[in-house]
Amino acid sequence: MPGESASPRTDTDHSTAGGHVPYREMTADDYARDFTRETQALPVDDETTVLSGSCPRCGCSFTFTYRPRAFRGPRRGPRVREIPVMCTCTTEHEERPAGEEGCGAYWNVRLENL
């Protein structure tokens, strides 16, 4: 995913959560850890997983649906256990481009950590 990686975060204080956090495509080492603390994973079928939780950057609640492939085909190797997640909250964030959703945060989650 495009964007920048940032370890120190000054805009993630949940007391300023939501619309006060401007849109930025970014990630940080602790986003995955923070997201998995209270996230629920619901497997829909063999390929689809729905994650429900709060964004570690903006603090907004959201649901993320992960589908590894759009079309069925032969399985090649073991099922991927780490999935890319991005904030898809509906809160308005300053500077968010038209057609985008969320605050711009993204991270990878290991399903066995949920």
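Does Glu92, at 60% relative accessibility, count as buried or exposed, and which word applies? Glu92 counts as exposed, where exposed stands for over 50% relative accessible area, buried for under 20% and partly exposed for values in between, with a 1.4 Å probe and protein chains only. The structure is a predicted model, in which local features need pLDDT of at least 70 and side-chain atom pairs count only at pLDDT 80 or more, while totals for chains, interfaces and linings use all residues. Residues are numbered from 1 along each chain as its sequence is written, and side-chain values use heavy atoms, with hydrogens and water left out.

Along the sequence, the elements follow the pattern β-β-α-β-β-β-β-β. Of the 114 residues, 39% count as buried. Among contacts with a separation of 6 or more, 57% come from residues 24 or more positions apart, a contact being heavy atoms within 4.5 Å. The protein exposes about 7,100 Å², and carbon and sulfur atoms supply 48% of that area, as computed by the Shrake-Rupley method with a 1.4 Å probe.

The aromatic residues come next. A pair of aromatic rings is described by the distance of the centres and the angle of the planes. Here, rings of Phe, Tyr and Trp (its six-membered ring) pair if their centres lie within 6.5 Å; planes under 30 degrees apart count as stacked, over 60 as edge-to-face and the rest as tilted. The search of the whole structure finds four aromatic pairs. One of them joins Phe35 and Phe62, which are stacked at 5.7 Å centre to centre with 20° between the planes. Phe35 lies in helix α1 (residues 31–36) and Phe62 in strand β5 (residues 61–66), so this pair ties together parts that are 27 residues apart in sequence. Phe35 is buried at 1% relative accessibility, and Phe62 is buried too, with a relative accessible area of 6%. Phe35 also pairs with Trp107 in a tilted arrangement, 5.1 Å centre to centre and 55° between the planes. That pair links helix α1, which holds Phe35, to strand β7 (residues 106–110), which holds Trp107, across 72 residues. Both Phe35 and Trp107 are buried. Ring pairs link Tyr31, Phe35, Phe62 and Trp107 into a cluster.

Side chains of opposite charge can pair when their charged atoms come close. With a salt bridge taken as a side-chain nitrogen of Lys or Arg within 4 Å of a carboxyl oxygen of Asp or Glu, the count comes to seven. Arg96 counts as buried at 18% relative accessibility, whereas Glu92 is exposed. In another salt bridge, the closest N and O atoms of Arg110 and Glu112 are 3.2 Å apart. Arg110 is partly exposed at 41% relative accessibility, and Glu112 is partly exposed with a relative accessible area of 43%. Elsewhere, salt bridges that share partners join Asp30, Arg33, Asp34 and Arg37 into one network. Within it, the side chains of Asp30 and Arg33 meet at 3.6 Å, N to O. Asp30 is partly exposed, with a relative accessible area of 21%, and Arg33 is partly exposed at 47%.

Terms used. Helices (H or I, at least four residues) and strands (E, at least two) are DSSP runs, numbered from the N terminus.
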